[in-house]
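Colleague: Could you walk me through reading a few features of this model? I'd like the general idea each time, then the case here.

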Amino acid sequence: MGPEEMLRLAYVANRYYNDNRSRIEIADELGLSRFKVARMLEEAKERGIVSITVETPGPVDAHLSLRLKERFGLRRALVVATPMENSEVVQQYLGRVAAQLLEELVTPGEVVGLTSGRTLTVMARNLGALASADIVQLSGVAGSIQSTAVEVMRRASLVSGGRAYTIYAPLVMSDVDATTVLRRQPEISTTLAQYSRVSLAMVAVGSWQPPDSELFESRALDQRTRTMLLQKGVIADVGGLLVARDGRLIRDLDARTIAANEEQLRAIPEVIGVAGGRNKTDAVMAALRSGLVNSLVTDSGLARRLLDE
């Protein structure tokens with residue numbers, strides 16, 4: 001093809017893609033049929049005169065998100081590009097995107113379940129508007145007060161204007177008897193009774209190997225118990241549930257935790273795991289294998305490592 005014909009294809013493509021002229025308008029302008037214009041536009045793409053790229057505005061990597069969703073059969077996946085894998089930076093980026101996602105998904109009358117977590121605390125602080133919805137605390141208090149489920153609940157319920165069902169009790173108790181007594185307390189039992197109503201949940205994923213988990217750091221767990229659980233293969237936690245590398249659940253703490261149990265969590269139609277950073281790679285993989293989470297918000301570095309597994 002000579003330069004004159006190349007220029008002619010480029011002109012047609014520019015009028016169509018940049019000037020927003022229709023095929024009929026271009027055809028009338030050049031004295032051609034609209035079918036000829038359509039063929040010229042196709043040829044412009046074939047010869048590299050026109051190159052079409054699809055990009056998602058903002059930090060979400062559309063290509064990685066779609067690959068991750070397909071690879072693990074997720075309901076949805078959002079992969080966030082971060083400038084570095086520093087934990088605090090990743091938490092800030094994921095928290096902002098998670099807040100935008102929650103604002104988009106929650107509908108009036110929804111019942112939303114939340115756990116604690118540093119990234120979810122960032123999420124809650126970034127909520128600007130939320131449809132009127134009841135907010136239910138899915139696990140007791142763990143970690144520092146700045147990142148407990150109570151702080152997440154306070155902010156989310158304030159923004160939504162719905163009723164907050166809270167648990168002012170530790171996630172892990174010292175013994176089974178104490179746990180049983182607390183579960184029977186009216187305020188706590190009322191919250192536990194709401195779990196069957198939850199239609200959408202957003203949960204943190206904690207890592208045990210290497211340690212990056214509020215549950216792992218809980219004062220209710222002595223070193224002997226931590227060592228025993230690690231020897232049994234615990235690598236992650238979702239709420240109060242312990243997960244091994246292959247996705248199986250390890251139930252040694254079930255009777256001592258105040259949180260949604262496996263059956264209750266699996267009954268929620270969509271459970272969005274929010275976790276990122278290099279330390280969380282194996283934990284997130286275990287959570288995906290367990291099936292406890294069926295949607296994911298993570299960073300691009302972790303997503304690539306999951307896809308490379």
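Colleague: Which residue just after α12 takes a positive phi?

Modeller: That's G291, at about 80 degrees. Helices here are DSSP runs of H or I, at least four residues, and strands are runs of E, at least two, numbered from the N terminus. Before going on: this is a predicted model, where local features need pLDDT of at least 70, side-chain atom pairs count only at pLDDT 80 or more, and totals for chains, interfaces and linings use all residues. Residues are numbered from 1 along each chain as its sequence is written, and side-chain values use heavy atoms, with hydrogens and water left out.

Colleague: Is α12 largely enclosed or open, and why?

Modeller: In an α-helix there are 3.6 residues a turn, so residues three or four places apart point the same way. In α12 (residues 281-290), eight of the ten residues are buried, so the helix is largely enclosed by the rest of the structure. Buried means under 20% relative accessible area, with a 1.4 Å probe and protein chains only. Among the buried ones are T281, M285 and L288.

Colleague: And in a loop, where is T257 placed?

Modeller: T257 lies between β9 (249-250) and α11 (262-266). At 5% relative accessibility, T257 counts as buried.

Colleague: Which residues does T257 contact, leaving aside neighbours within four places in sequence?

Modeller: Contact means heavy atoms within 4.5 Å. T257 touches L171, V172, T179, R183 and G240. R183 is 74 residues away along the chain, yet the two C-alpha atoms are separated by 9.4 Å.

Methods
Buried means under 20% relative accessible area, exposed over 50%, partly exposed in between (1.4 Å probe, protein chains only).
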